[in-house]
Amino acid sequence: MPNRVVREGILDSEKVNLLSWAAEVFYRRLMSVVDDFGRFDARAMILRSKLFPLKIDKVSAADVEKWLAECARAELVSLYFVNQKPFLEISNFNQSIRIKKSKFPPPDSFVQHMQADVVQTHANELLNPIQSESGLESESEKKADAEERKKKFKQKKLEEWETELPWPDDEFMQKWEEWKKYRWGQFNKKFKSQESEIAQLKLLVSLSNNDVLAAIHIINQSMANTWMGLFELKTNKNGKNFSKTGHNVDAITEAARGVLNQIASEFNTGGGEG
């Protein structure tokens, strides 16, 4: 390994101050391995093995690429390519040159004057790219967020339609909303389209013989029995029967009987006076 003189100017260098702690350690170690011209192989795996021989298990190639990019942004290092192979050169290395020729090819005049951000872009494209774990995680999170947004948008679209109900009745409107919430809470079921909701409403109209009170009873019947679907009214537990219109037949019969008895009584009373 060549002997290097690290000058005190590095301590108050504005460019070095731009680096993170880890990148500065990388930069100082890099100064120990470059040749007298400040050049070295810029492949991440090579830098990792040369700069951190005792920390291979703690330093990844992705870490090296990140720190190298920081040095390039701070204009402490120039990155260039010869025959599509990456190399680096420490800027203003200013070491005593003891060798006549560098082991590494020099950058051409064009690359030498490239701005650091342009060099970094080329480096990211050609430097045997290895994404860091945080980068991979970021991409994964982006995909997950996109899927979640898509799912929420789809659900919002499902709830956006406004279906016209067969009866303009406040009690039925409330009961229909209860029915939809019941299906979701009990069976995790929602209408997937407006057409499917309309189809069930048509079924309810048919089962109730187009009677709103019967329709409400049908919904109550299904919820009381924890049924997922709607069915024709049955005799309830008290033995009371409902007609196809949903009215309580026993109650209607009893009321009619009372009216008839009252009419008969009035007729008989009137006949006695005559």
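Biologist: Is Glu 24 buried or exposed?

Modeller: Glu 24 is buried, with a relative accessible area of 18%. Buried means under 20% relative accessible area, exposed over 50%, and partly exposed in between (1.4 Å probe, protein chains only). Please note that this is a predicted model: local features need pLDDT of at least 70, side-chain atom pairs count only at pLDDT 80 or more, and totals for chains, interfaces and linings use all residues. Residues are numbered from 1 along each chain as its sequence is written, and side-chain values use heavy atoms, with hydrogens and water left out.

Biologist: With which residue does Glu 24 form a salt bridge?

Modeller: The partner of Glu 24 is Arg 28, with the closest N and O atoms 3.2 Å apart. A salt bridge here is a side-chain nitrogen of Lys or Arg within 4 Å of a carboxyl oxygen of Asp or Glu. The two residues are 4 apart in helix α2, so about one helical turn separates them. Arg 28 is partly exposed, at 31% relative accessible area.

Biologist: Which residues of α2 are buried?

Modeller: In α2 (residues 21–30), they are Ala 23, Glu 24, Phe 26, Tyr 27 and Leu 30. They lie on the same side of α2, because they cover an arc of only 160° around the axis; the arc is taken from the directions from the helix axis to the C-beta atoms. Helices (H or I, at least four residues) and strands (E, at least two) are DSSP runs, numbered from the N terminus.

Biologist: What do those residues pack against?

Modeller: Their packing partners are α1 (14–17), α3 (44–51), α4 (61–73), β2 (77–82) and β3 (85–90), where contact means heavy atoms within 4.5 Å.

Biologist: Turning to the cores, how many residues does the largest nonpolar one have?

Modeller: It has 33 residues, and Phe 26, Tyr 27 and Leu 30 are among those with the most contacts inside it. Such a core is a set of buried Ala, Val, Leu, Ile, Met, Phe, Trp, Tyr and Cys residues joined through side-chain atoms within 4.5 Å. The element that gives the most is α4, with 6 residues. A second, separate core of 17 residues includes Tyr 182 and Phe 191.

Biologist: Back to charges: which residue meets Lys 180 in a salt bridge?

Modeller: Glu 197 does, at 3.3 Å from N to O. The pair links distant parts of the chain, with Lys 180 in α8 (residues 170–187) and Glu 197 in α9, 17 residues apart. Glu 197 is buried at 2% relative accessibility, whereas Lys 180 is partly exposed at 24%. Together with Glu 177, they are linked in a network of salt bridges.
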